[in-house]
Amino acid sequence: NIEHRLMCGMAPMYDHLTLIQTVEVFEYALENTTGQDLYKVLWLKSHSAEVWLERRTNYTQSLAVMSMVGYVLGLGDRHTANLMLERQ
């Protein structure tokens, strides 16, 4: 996604940065992107409002379930780079 590419462009060794450096890179990426990736996938790729509603509902339900499962299992590291969207 755009945010991850921007972070890697600013800091090619992103995985080896200190916590403070990682936060600085993340804040820079937030300031320089619009955060419209999910919007573009769900709305602009849907050929009708019904398809959009179905996609939005599927996304929100699966996100809710995965959030609960992640909480119960004690998983961390949830961010946009970990989202898996099926483009059908």
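**View 1. Helix α2 from end to end.** Helix α2 takes in residues 19-31, which makes 13 residues, and it reaches 18 Å from its first C-alpha to its last, close to the 18 Å expected at 1.5 Å a residue. Keep in mind that this is a predicted model.

View 2. Which residues of α2 are buried? They are Thr22, Val25 and Ala29. These three cover an arc of only 65° around the axis, so they sit on the same side of α2.

**View 3. A nonpolar patch on the surface.** Val65, Met66, Met68, Val69, Tyr71, Val72, Leu73 and Leu75 make a nonpolar surface patch of about 900 Å². Pick out Val72, which belongs to helix α4 (residues 49-73). Is Val72 buried or exposed? Val72 has a relative accessible area of 67%, and exposed means over 50%, so Val72 counts as exposed.

**View 4. Stepping back to the whole protein.** Of the 88 residues in the protein, 16% are buried. The accessible surface comes to about 7,300 Å², and carbon and sulfur atoms account for 61% of that surface. Among contacts with a separation of 6 or more, 45% join residues 24 or more positions apart.

Terms used. Residues numbered from 1 in each chain as written. Predicted model: local features only at pLDDT ≥ 70, side-chain atom pairs only at ≥ 80, totals over all residues. Heavy atoms only, no water. Helix = DSSP H or I, 4+ residues; strand = E, 2+ residues; numbered from the N terminus. Expected span 1.5 Å × (residues − 1). Buried < 20%, exposed > 50% of the residue type's maximum accessible area, 1.4 Å probe, protein only. Arc of directions from axis to C-beta. Contact = heavy atoms within 4.5 Å. Areas by Shrake-Rupley, 256 points an atom, 1.4 Å probe, with all protein chains shown as cover. Patch = residues over 30% accessible without salt bridge, like charges linked within 9 Å, V, L, I, M, F, W, Y side chains within 5 Å. Salt bridge = Lys/Arg side-chain N within 4 Å of Asp/Glu carboxyl O.
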